Amino acid sequence: MTAVLIAFGVWSYQKTPIETFPDVTNTQIVIIAQWPGRSAEEIEKFVTIPLETVLNSVQKKSNLRSTSAFGLSYIRIIFDDDVDDAFARQQVFTRLGGAELPEGVKPDVQPPYGPTGEIFRYTLKSNTRSVRDLTTIQNWVLDRQFKSVPGVADVNSFGGEERIFEISVNPEMLTKYNLTSLDVYNAVAKSNINVGGDVIERNGQAYVVRGIGLLNDIPEIETIIIEKLNGVPIMVKNVASVVEAGKPRLGHVMRDQEDDVLEGIIVMRKGENPAEILKRIRAKINELNRSILPKDVKINTFYDRTNLMNYAQHTVIHNLIEGIVLVTVIVLIFMADWRTTVTVSIIIPLSLLFAFICMHLKGMTANLLSMGAVDFGIIIDGAVVMVEGLFVALDHRAKEVGMEKFNKLAKMGLFKNTGTEMGKAIFFSKLIIITCLVPIFAFQKVEGKMFSPLAYTLGFALLGALLLTLTLVPALSSILLKKNVKEKHNPVVTFFEKGTLKLLNFTYKNRKLSLLVAIAFMTVTFLSVKLLGTEFLPELNEGALWVESELPMSVSLNESKVISNKMIDIISKFDEVKQTLSQIGRTNDGTDPKGFYNVQIQVDLKPKEEWKRNITEEQLIDEMDQQLRKIPGCVFNYSQPIRDNVEEAVAGVNAALAVKIFGPDFDRLDKTADTILAQLKTVYGIRDLGVLRNLGQPEFRIELNQQKMAFYGINTQDANSVIEMALGGKSATQLYEGERKFDVRIRYQKQFRDTQEKIEKLMVPTSDNSKIPLSQIADIKTLTGPAFIYRDNNSRYIAVKFSIRERDLGSTIAEAQEKVNNTIHLPDGYTTTWNGEFENQQRATTTLSHVVPICLLVIFIILFITYGNVKDALITILNVPFALIGGILALHLTGINFSISAGIGFIALFGVCIQNGVILISVFRKNLEHRMPLDTAIREGVRSRVRPVVMTALMAAIGLLPAAVSTGIGSETQKPLAVVVIGGLVTSTILTLLILPVLYAMIFRFLHNRSNVKFFKKSGVVS
C-alpha cells in the first residue's frame, strides 16, 4: 500500500499545477464593446446601460461594474464564490442577445482568465520594418500562433499602429462634382463584393460560376466609379487620394530608450499550470524566431513569469528542506535512536504525497503560500507520540524480562495494546487540529481564495499523517524495534526533565501566586493587542515595480510620451533597475480601459543579491518618488505588476485602497472627491493620493437642431454620417491580402477638418439633392465632458485612491474615516464606501470573530467525548490563552503587524496547544486511575510527558523557523504565520508544563471536595 501511495502521489504531484500566487478573484466575465469615435456619455447611454440592463438578471452575480470611455464600453461581472466559469458564461451569453445596441456594435466576451493570468510579455524588434508592419505581423501571425498554444487564453496587443487604407477626401472636389462623402461611402461599399452563380455543365464537367469583384489594391480603389456626370465617370481618384495609413492610436509603448515598440501580452486560462504553459510559450517563440517570422523580425522577451516562480519556489523549497532537516534532527536528539527517527521522518514525504493525491482528486492547484506554510512539526507530532509511546513500552518490557529474553518474545500484543491506547489520543488530537482549520474554510472572496488552499493542503497532509500514524508507524516499528530496544541516557531529555520538574515544584508549591502571575501576564499581553498595527496581508515581493503616473485628462498622446520619457530617464538611473517598459493609454482590443493621461511603467528590478546598496524596496520607492515628483502636474502611484492587476479586479479601482462616492451628478461627485482628498492629505501614512475623475475631456460638441434639419429635409443619419466620415473616418469596406484583411476608411483630408471653422463648412445633403453647410443645422461649441464614466451596480461613482506606507492599515483607515465622516455630509442619493484591502481585512476579521468561538465550542464537544466529563475538557480549552500570549509577544518583538496571515498562525496554535493539553491531562487521568495520589500523579505525569510535549513543540516551532527568518521572494506572507506559531509554542509549552498542572490540581480538589462531588457528578462535570 505504501508503494501505491508513493507512485500515485508522485504522479499527482506532477499533474498538479503549481502557481506562484493563488488567483484570489471569484469567477469574472469581462464584456467589451467598441463603438469608435463616440464619447463616453454616448457609450454609457447607448451601449453600457443597455448591456447592464439585460445583465442585471444574471443569477448568482455579486457585482456588476462598468467603465465607459471614448469608443469603449468595458463591463466586468463578478460572481459568487461557488460559481464556476461554465455557469457564468451560460448566464451571460443567454442575455447578451437581448440588448438593444447601435448598429455595428458587437459585445465581445473575453476568454476565461484572471488578474494573475498575465504570464508573459514581449516586444517585436526589427531594424528594417516600421511599427505598422510589426503590428500587422502581431495581429495576423503571432496572435494566431500563440493562441494555438494549449492553455493560452488570449494575446493582447499594446501600442503599434494598425494598418488601414484611407480614402482622403478633398471636400472642394466633392463640391465641384456636386457630391458628398456619403456618395463616396456608398460607391466604395458596393464595389467590393463577390457573387456566386449556379453550376453549369460543359463537356461533361461541372463548372461553378463565380463573379469576382473584390478590391485587391490601391489602384482598384482609386478607379471605383462614384457617379457619372454628363456621361463621364467620376472616380474616387478624382475627389480623393488613396493611401496606406494607420488607425488612430489608442496606446503607445516604449521599452527602455527604444521609442514606439509593439508589445504582446500573453495570458493563460484559469486553473492551468503556468510552468507548463510557459515551457510551451518558449518553445513556440523558438519556432517562430527560427522558421516562421521574417528573418529581420525577432520576439524579444521582457517579462517571463518563470523567473518569479523560480525565485519564489527556491525560497519555499529551501524553507521546506531546512524544516524537514531540522525536524528530523530534533527527533534524533530526543529519541537518540536511528530506528525511531527513520520511522517518524518517513511520514513527512508520505503525508505530502497524500496531500497531493487529495488535491489532484479535488482538482485543486498548489501555490507557494499554501506549500510554504506547511509545518512538518505539526504534521508528524502524532507519529512522534506514537513512536515514543511504543519505544517506552518496549523499553519497560525489556527491563522487566531482560534483553536476551525480550529479543525472543513475540511483541505483537504489546504493539497492538500500546498502539490502540496511543491511537485514541492521537486521533482526537489530530481531529482537533483539523477542526481548528474550519475558520479558514469560512473565509470568503479574496481571503478565502488566498487561504483555503493552505487549509486544504495542511488538512490533507494532517489526514495523511494520521492514517499513516495509525497504520504504517506501528507496522514499521514492529519491524525495526524487534530487538535491543533500550532507552539510553539522553542528556538533552534529562536536562529538560530536571529543569521542568524543578520549576514545577516551585509553581506547584506556590500555586495561587503562580496562577495569579500567569493570569496577570496574560491580561497585560492581551491588552497590548491594541498597540499592534493591523493589515490585510504583507505585500508580496514580485521583484518588479509598477509605477503609474496620472496626468491631466486632456493631455495629448505626444505630451504623455514626453512625460513617459522623463520618467524612464529618472528610473533608469537607479542601479537597482534592470529594464523598463512604459505603456500609455490602453490596449488595442480595449481590455485595459485607460486614456492617454495614464502612464504605466513596469520596472524590472535586479535580483536583491545584485544590489550594491543595502536598502529596502520601500526605500528605493521613496527615492524614486522624490525624483519623479520633480515632474510637474503628475500624480504617482507605486505597486507591483500582479498586485496591481489583482487590486483592480477585486476593488474595481486601480489602487490598493479607495473611497468610492456614488451619485448621479458629475459636478457634485467631483467636488465631494476633492473634499475627501483634502482630508486624506492630513492623515499620516497615506501616500499616492489621486482622484479617478470622470470630467476632464475637452470636446467639440455638434448638437443637431431637429427643426432646422426638418426644414431642409435632412435626416439625422445622413448628417451624422457626414460628421463621422469627415472627422473620425468611417470604414466602408475591407481589402483582403490573402488571409489578412484591412479596413478601407473614408475621411476628409486633415487640412479640411482641423479647425472649428472648417468643421462648420462641412456639406450635408438635403432631400432635394442640394447641399448646405453643417453650421446651418447644428450648434458647434467646445466644452469639458466626462472622459470616463465609472459605474458599480448601476450607479455612477468617482473614486479617491491611495496607498499606505510607513504605517499600519487599521489605524490609518480609522483616522481617515473619522476625519472624512466629520467633514462630509452627503445629500440623499449619494453614498460612500471604503474599498480594497481594508474591505477585505474587515470582512475576514468579522468572519474570524464569528467562526472561532463556534470552532472552540466544537473542540470542547470533541474533548468532552474524549474525556467523558466537562472538567477535563474545560481545563484543556483553558490552555488556549497560553499560546496566544507568545504569539502576541512575538509580533511585538519582530515589529510585524497583525494580518490575516498572523491570524491563521493563531488558529494553527489552537490545535497544537490543545493537543499538548490532551497529552498531559490524559496521563494525569491514567495515573489517577492507577490510584496514585493527586500530587504524585501530576508530578509523575509531567515528568513522563516532558519529552513528547517539548519535542512536539520544538518540532512545530523549528519546522517553521526557516520561514520566519527567510527574506527571499515569496516569504512575506509566510513570515507572520511562522512568527506567531513559534512565539506561541514557546509560551504554550512553558505554561502547559508549569501552570496547567497547577490549574488541574486546584480545579480537581475543588470539584472532588466532599461537599461538592455529588453535585458535580450529577451535572456531568466530573465522571
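The side chains of S528 and H892 are joined by a polar contact of 3.0 Å. This comes from a predicted model. The side chain of S528 also reaches the backbone oxygen of T525, at 2.5 Å. Where does S528 sit? It is found in the loop between α20 (511-527) and β18 (544-550).

Is S528 buried or exposed? Its relative accessible area is 14%, so S528 is buried, since buried means under 20%. Leaving aside residues up to four places away in sequence, S528 touches I888 and H892.

Four strands form an open sheet in the order β7-β15-β6-β16, and their pairing is antiparallel. Which strands lie at the edges? They are β7 (152-159) and β16 (298-304), each of which pairs on one side only. Neighbouring strands of this sheet are turned against each other by 25° on average, direction ignored.

β7 pairs with strand β15 (residues 262-268) in the antiparallel sense, over seven bridges. F158 stands opposite E263 in β15.

Which strands does helix α4 lie across? Helix α4 (residues 131-147) lies across β6 (118-125), β7, β15 and β16. Those are the strands of the open sheet. Relative to β7, helix α4 runs at about 175°.

Note on methods
Residues are numbered from 1 along each chain as its sequence is written. This is a predicted model: local features need pLDDT of at least 70, side-chain atom pairs count only at pLDDT 80 or more; totals for chains, interfaces and linings use all residues. Side-chain values use heavy atoms; hydrogens and water are left out. Helices (H or I, at least four residues) and strands (E, at least two) are DSSP runs, numbered from the N terminus. Buried means under 20% relative accessible area, exposed over 50%, partly exposed in between (1.4 Å probe, protein chains only). A polar contact is a pair of N or O atoms within 3.5 Å; within protein, one must be able to donate a hydrogen and the other to accept it, and residues adjacent in sequence count only if both atoms are side-chain atoms. Contact means heavy atoms within 4.5 Å. Two strands pair if DSSP finds at least two bridges between them. Axes are lines fitted to C-alpha atoms, for helices over the stretch in contact, and angles run from 0 to 180 degrees between N-to-C directions.
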